[in-house]
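Me: I am new to this structure and would like to understand the words used for it. Could you show it to me first?

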Amino acid sequence: MDNTPPVIAVSGNRFESGKTSIVFEVNDDHSPIQRVESSQDGQSWRAVFPVDGIADSRSERYDVTVDGPLGPKGLTIRATDAMNNVSTTQVDTPR
């Protein structure tokens, strides 16, 4: 039985040309990644899709772009695996 949540690892966070880009990976030792969502400044959750287009393996890479700089609450990333284990991480405004 899988009771461990996925691990979210942010590898890049930059602001260029009026947009913020966040690059990250989600890994799970036991179950495929089922869903990844983001919330900017505590607003509603939005689906995020992996670079290959479908979340179907235990390791997925993501590249998210949002318009403008991140606000004071940054961007929250939430990942869920196939066994409904959930993890979150916070991404702050790049310096």
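Reply: Here are some questions about the terms, each answered with a value and a definition. This is a predicted model, in which local features need pLDDT of at least 70 and side-chain atom pairs count only at pLDDT 80 or more, while totals for chains, interfaces and linings use all residues. Residues are numbered from 1 along each chain as its sequence is written, and side-chain values use heavy atoms, with hydrogens and water left out.

Me: Why is phenylalanine 24 called buried?

Reply: Buried means under 20% relative accessible area, exposed over 50% and partly exposed in between, with a 1.4 Å probe and protein chains only. Phenylalanine 24 has a relative accessible area of 1%, so it is buried. Tyrosine 62, at 0%, counts as buried too.

Me: What makes phenylalanine 24 and tyrosine 62 a stacked pair?

Reply: Rings of Phe, Tyr and Trp (its six-membered ring) pair if their centres lie within 6.5 Å, and planes under 30 degrees apart count as stacked, over 60 as edge-to-face and the rest as tilted. Here the centres are 5.0 Å apart with 5° between the planes, so the pair is stacked. Phenylalanine 24 lies in strand S2 and tyrosine 62 in strand S5, so the pair ties together parts that are 38 residues apart in sequence.

Me: Which residues touch the most other members of the largest nonpolar core?

Reply: Of its 15 residues, they are Phe24, Val26, Val36, Tyr62 and Ile77. A nonpolar core is a set of buried Ala, Val, Leu, Ile, Met, Phe, Trp, Tyr and Cys residues joined through side-chain atoms within 4.5 Å.

Me: How do you know that arginine 78 lies over the face of tryptophan 45?

Reply: A charge sits over a ring if NZ of Lys or CZ of Arg is within 6 Å of the ring centre and within 35 degrees of the ring normal. Arginine 78 lies over the face of tryptophan 45 at 3.8 Å from the ring centre, which is within the 6 Å limit.

Me: Which residues is arginine 14 in contact with, leaving aside its neighbours within four places in sequence?

Reply: They are Lys19, Thr20, Ser21 and Pro94, where contact means heavy atoms within 4.5 Å. Arginine 14 and proline 94 are 80 residues apart in sequence and 5.6 Å apart in space, C-alpha to C-alpha.

Note on methods:
Helices (H or I, at least four residues) and strands (E, at least two) are DSSP runs, numbered from the N terminus.
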